[in-house]
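Here are my notebook entries from a friendly look around one model. Have the structure open and follow along.

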Amino acid sequence: MQVASGSTCKTMPCRFRLVMALAMLMASWAVAAGTLDDVSRMVDAGQFKAANAAIDQALAQPRLDAAARDAWLFQRERMRRILLDFTLDADAIKSRLRKQIPDLRDDEFTRWDDQGLLERMVIDGRVLYFKRDSSNLFRLSAEAAARRAHPTPFDDSPLEVLGDHHRTVRQQALAEQRTSVAPHRVRITQTLKVDADAVPAGQTLRAWIPYPRALPGQQQDIRYVSSEPAQHQIAPDTTPQRTIYFEKPAQAGKPTTFSVTYELTIYAQYHPIDPAKVVPATLTPELKPYVDERPPHITFTEPLRLFSRQVVGNEQNPYRIAQKLFAAVDEIPWAGAREYSTIGNISDYTLHAGHGDCGQQTLLLITLLRMNGIPARWQSGAIFAEGDYNDIHDWGELYLEPYGWVPVDVTFGRLHPKPSDDAALEWFYLGGLDAYRIAFNSDYGQPLVPAKQFFRSDTVDSQRGEVEWRGGNLYYDQWHYDFAWKLVQENASS
């Protein structure tokens with residue numbers, strides 16, 4: 001509606017028509033732009049051009065507040081990140097696979113692709129493959145693995161295989177009638193290095209490096225040793241995703257390094273659970289949030305409900321239900337993952353993809369447990385082992401009455417006892433935990449302290465770190481992280 005220059009609109013009918021016209025204009029903007037959920041679905045479907053057009057329409061709306069603007073802009077950022085994960089066309093992925101399978105046939109490739117063993121997206125009509133497909137395929141297909149010219153073992157934690165540490169932990173827990181045993185003290189150094197000239201010289205870089213929380217009976221006696229730069233801010237111990245924060249100016253032609261060294265005592269855990277004693281948890285106000293949905297990644301979708309019914313059947317005992325769900329998710333093979341910030345609903349994605357990394361498997365299990373009235377929550381951090389092994393890792397906890405919160409690591413999954421072993425060791429990671437991991441996080445998707453001003457590189461987890469400057473967030477293609485550990489004292493004082 002147009003009002004002539006210099007005219008007035010003071011009568012009630014005129015003002016009413018003006019209000020109605022403005023309302024219709026706003027409605028037309030909403031229809032043209034679509035809802036944020038609509039655009040998110042476009043992104044998931046690879047309709048990037050349409051999504052970008054809708055985002056442009058949405059950003060042009062008058063009176064758009066900062067939070068809404070950021071939400072629309074993040075969908076654009078999500079598309080950019082997806083294109084960093086999906087970088088290969090069919091010829092490029094075949095070329096990579098032929099480094100392992102020199103005589104790869106086109107019909108083999110097509111069959112594996114049709115079986116969903118190669119993760120791909122159709123983005124605006126172009127088929128693009130995930131950059132880690134050439135290594136993931138050999139984890140997902142025994143046939144493909146057998147075709148490798150020079151097979152090499154996967155770089156997995158040695159603690160995923162039943163060993164003396166698991167046996168010792170169980171024996172000590174039973175003998176001493178304690179659930180936290182076999183402590184040792186370790187010194188950790190974590191480093192975050194921003195690429196040279198990632199930002200203009202003289203600009204201040206703000207960096208967050210994950211830092212452990214004190215968790216009685218799991219990890220405690222945390223002592224800061226040193227850092228670079230020396231000036232730092234450690235988030236309160238109650239922060240669900242705890243970090244140590246730094247600021248440092250960038251120098252021309254030089255990488256910018258942040259690091260922290262600290263010590264802590266880590267305990268293994270083992271809870272000898274008697275299924276006959278387990279009863280449904282009393283859902284106190286403290287426990288209730290841990291059986292609720294928490295969109296977008298913990299959502300009780302109909303496919304997940306169907307999967308749960310198929311797995312659980314008529315079982316009523318909470319521990320037996322947990323066992324069934326643990327075993328079912330353990331059957332979903334591990335594979336290198338897309339960045340979590342690019343995925344709309346991680347638990348649903350993992351079910352449909354038929355594979356997942358540790359965090360994806362954990363979120364799927366947490367969702368299924370909650371769906372069955374069993375409180376479950378998140379933990380994540382880093383794992384390490386003798387021989388310079390280390391990696392980032394996610395696991396969780398579930399609540400079993402009368403035992404309370406107990407650990408669960410579905411990625412390490414069921415172990416395989418020998419005939420001479422106690423059969424209960426099969427379920428070590430359903431109620432037990434090794435002493436070679438550090439928890440940085442007791443929840444996912446929580447704010448950092450101090451707060452970030454721009455998008456996070458990982459909107460779910462906090463294991464590698466975060467970096468930004470006044471021009472915005474620095475993503476993983478602009479910096480690198482490292483983790484080093486050494487044993488200070490075996491059997492540290494408990």
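I worked from a predicted model, where local features need pLDDT of at least 70, side-chain atom pairs count only at pLDDT 80 or more, and totals for chains, interfaces and linings use all residues. Residues are numbered from 1 along each chain as its sequence is written, and side-chain values use heavy atoms, with hydrogens and water left out.

**Entry: helix pair.** I looked up helix H12 (residues 346-353) and helix H13 (residues 358-371), which pack at an angle of about 105° with their axes 8 Å apart. That angle makes H12 roughly perpendicular to H13 (65 to 115 degrees counts as such). Contact (heavy atoms within 4.5 Å) is made by Ile346, Ser347, Tyr349, Thr350 and Leu351 of H12 with Gln360, Gln361, Leu363, Leu364 and Thr367 of H13. I noted five nonpolar, five polar and no charged residues there.

**Entry: Arg437.** I found Arg437 in strand S14 (residues 437-441). Is Arg437 buried or exposed? Arg437 counts as buried, at 2% relative accessibility (buried means under 20% relative accessible area).

**Entry: Ser308.** I placed Ser308 in helix H10 (residues 302-312). Ser308 is buried, with a relative accessible area of 5%. Not counting residues up to four places away in sequence, Ser308 touches Gly313, Leu368, Met371 and Asn372.

Notes
Axes are lines fitted to C-alpha atoms, for helices over the stretch in contact, and angles run from 0 to 180 degrees between N-to-C directions. Helices (H or I, at least four residues) and strands (E, at least two) are DSSP runs, numbered from the N terminus. Angles under 35 degrees count as roughly parallel, over 145 as roughly antiparallel, 65 to 115 as roughly perpendicular and the rest as oblique. Ala, Val, Leu, Ile, Met, Phe, Trp, Tyr, Cys and Pro count as nonpolar, Asp, Glu, Lys and Arg as charged, and the others, Gly among them, as polar. Buried means under 20% relative accessible area, exposed over 50%, partly exposed in between (1.4 Å probe, protein chains only).
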